[in-house]
Amino acid sequence: MAQFELRCIECGKSHDMARPAYACSKCGNLLEVRLDFGVAGDKLGKSDWKKRPISVWKYKELIPVDPKAKVYSLNEGGTPLLKCSRLGERLGMKNLRIKFDGVNPTGSFKDRGMTVGITKAKELGMKTVTCASTGNTSASLAAYAGLAGLRCVVLIPEGKVALGKLAQAMMHGALVISVKGNFDQALDMVMKSSEKLGMYVLNSVNPFRIEGQKTASYEICDQMEGRCPEYLYIPVGNGGNSAAYWKGFAEYESLGVVPGHPVIRGIQAEGAAPVAHMFESGSKELVPVKKPDTVATAIRIGNPANWKKTVRAIKESGGYASVVIDEEILEAQRSLAKFEGIFAEPAGAAALAGLVKDIELGKIDKSADVVCVSTGHGLKDPDVAIAQSIQPKVIEASMKALEGLLEGE
Ligand code: F0G
């Protein structure tokens, strides 16, 4: 049997990996890469993978690209798992860690998926890559497309993309198209136009992107020396990353590398929380939010394309999805910055906000081993940071003025 198989998540139909495909040709559901654990285990057994430093490509035996393919990499992954002592003390949590994926090359976890997705795009002979984006995907795609010499077309919701992300997409040379609508509408346009226009879609509906993103979970287990956390808090927007994290943990467990898996708690912003509403109401179908809104623009998504994948992942882990309000996200963002030196963008603080809320509601044991995923860097969104901070004090260029100010503080 082959090590990898591209299969429909619903009906199980097998698909050709050598052609661009995102949805099942029979039932229209999303596709995922399945790993044969016997074959993969044998391969790992014959390699020196355990000795390699953590990074996406440490795990190349578990990533479905041609082993002979040229890899397009900016050294993504290998991000720190930071023990949060000051914040942990304030919250009464003994074992709190942050996986800071905001320190990837373009400042978000998207790079893990893009190095694999762009390597695959070249393998498939694609000339143009595309995505719809709330910002980070477009920044990452633009960078990797530049590296690989591919044309890059990105569609973004007008006026709702943080400044840093927009600057990145423009600077890396993408054709940036601002759509008078929201992310969900832009993604719909991308999906409908890609085949006709010969563009390879690198949104998280692309199964190969998920294969890169799952490496964050392998890294966490390696950083915890062969254990996994009891709980993983993670923001949910389009639902790809939470599904990817679960895939990584579940694979590591099935391969016998770690003896268990964490419970996944997905966190959404109140104004864009269709997945959390499913868990609250017990509904089996997603009811899209027509006009999603939140200060965490990265997760301002009302109709997540990966909702089936993420709901399944969260349920399999024994977890649930829940909601935080914008003020809780901003409070968590300030706490990370002030007490731990971690500058996260608002979406990158949502997981911590979810944990804080669960602590308040008594939904988590304070001695539990918890990892919160911080997905994007704070420099991405300077406007939100500046708006909630104490503004600089302006003084004359004299010692007297400085002393006067400091004495008065
Ligand atoms: N955090 C950040 C910083 C993000 O940029 C995103 C998604 C998420 C969390 C949510 O991840 O969609 O896989 O559930 N950003 C996408 C984008 C939608 O276009 O940059 P998800």
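Student: How do the axes of helix α4 and helix α5 cross?

Tutor: Two packed helices are described by the angle between their axes and the distance between the axes. Here the axes of α4 (residues 136-148) and α5 (residues 163-171) come within 8 Å and cross at roughly 25°. That makes α4 roughly parallel to α5, since angles under 35 degrees count as roughly parallel, over 145 as roughly antiparallel, 65 to 115 as roughly perpendicular and the rest as oblique. The axes are lines fitted to C-alpha atoms, for helices over the stretch in contact, and the angles run from 0 to 180 degrees between N-to-C directions. Helices are DSSP runs (H or I, at least four residues), numbered from the N terminus.

Student: What kind of model is this?

Tutor: This is a predicted model, in which local features need pLDDT of at least 70 and side-chain atom pairs count only at pLDDT 80 or more, while totals for chains, interfaces and linings use all residues. Residues are numbered from 1 along each chain as its sequence is written, and side-chain values use heavy atoms, with hydrogens and water left out.

Student: Which residues of α4 and α5 meet?

Tutor: Contact means heavy atoms within 4.5 Å. Asn136, Ser138, Ala139 and Ala142 of α4 meet Lys165, Gln168 and Ala169 of α5. By class, these are three nonpolar, three polar and one charged. Ala, Val, Leu, Ile, Met, Phe, Trp, Tyr, Cys and Pro count as nonpolar, Asp, Glu, Lys and Arg as charged, and the others, Gly among them, as polar.

Student: At what angle do α12 and α13 cross?

Tutor: The axes of α12 (residues 326-340) and α13 (residues 350-360) cross at roughly 105° and come within 8 Å. The two helices are therefore roughly perpendicular to each other. Glu328, Ile329, Ala332 and Leu336 of α12 make the contact with Ala350, Leu352, Ala353 and Lys357 of α13. This contact has six nonpolar, no polar and two charged residues.

Student: How do the axes of α8 and α9 cross?

Tutor: The axes of α8 (residues 215-223) and α9 (residues 240-254) come within 6 Å and cross at roughly 50°. That makes α8 oblique to α9.
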